[in-house]
Amino acid sequence: AVTPTAGMTGQLLDDYEEGTWTPTLTNTGGSPSYTWQHGKYVKVGRHVWLVMNMKFTVTPSGVGQVYISGLPFANVNTAANYWPATIYPYQGCDYDGDQIFGQIPDGGTIVYISDAEPGTGGNKDTFKASNLGTTVEMEMSINYPT
């Protein structure tokens, strides 16, 4: 253990946690059958880093925005505090070569999936069930304040 010097109490590492979580793709219109759902996280103080990898089959339908649920901690709930997620669509995502990314909203425990439309200068568009194939594999990483 580190012995704090005068004035160091606010700089001590007294909140560290590692664990797993179960990511779920939601709003697919069908019920995904998962081959695997892996999620890991590290939380230090008020900040969390997490990664996930999932593979599933589904018969997609619907027009709502697809999102990843099950995050182990809520994003800090302050105005305009959306945090970006890196999403790698390994297999089964129809996004016309657009960049796929995620955002966790203020106070949220979900990551909304979007894609950037190059034809509109990279403007954000919702990623819907119609953008999913029947076999999908994706990975994600994100870090955000709690």
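How many helices and how many strands are there in the protein chain? There are 0 helices and 10 strands, where helices (H or I, at least four residues) and strands (E, at least two) are DSSP runs numbered from the N terminus. This is a predicted model, in which local features need pLDDT of at least 70 and side-chain atom pairs count only at pLDDT 80 or more, while totals for chains, interfaces and linings use all residues. Residues are numbered from 1 along each chain as its sequence is written, and side-chain values use heavy atoms, with hydrogens and water left out.

Next, select residues 16-20 and 33-44, which are strands β1 and β3; they pair in the antiparallel sense over 5 bridges, pairing being defined as at least two bridges found by DSSP between two strands. Within this pairing, Glu-18 stands opposite Val-42 in β3.

Ser-33 has Thr-57 in β4 as its bridge partner, and in the hairpin of β3 and β4, with 2 residues between the strands, Gly-45 takes a positive phi near 60°.

Finally, display the side chains of Lys-43 and Phe-73: the charged end of Lys-43 sits over the ring of Phe-73, 5.6 Å from its centre, the criterion being NZ of Lys or CZ of Arg within 6 Å of the ring centre and within 35 degrees of the ring normal.
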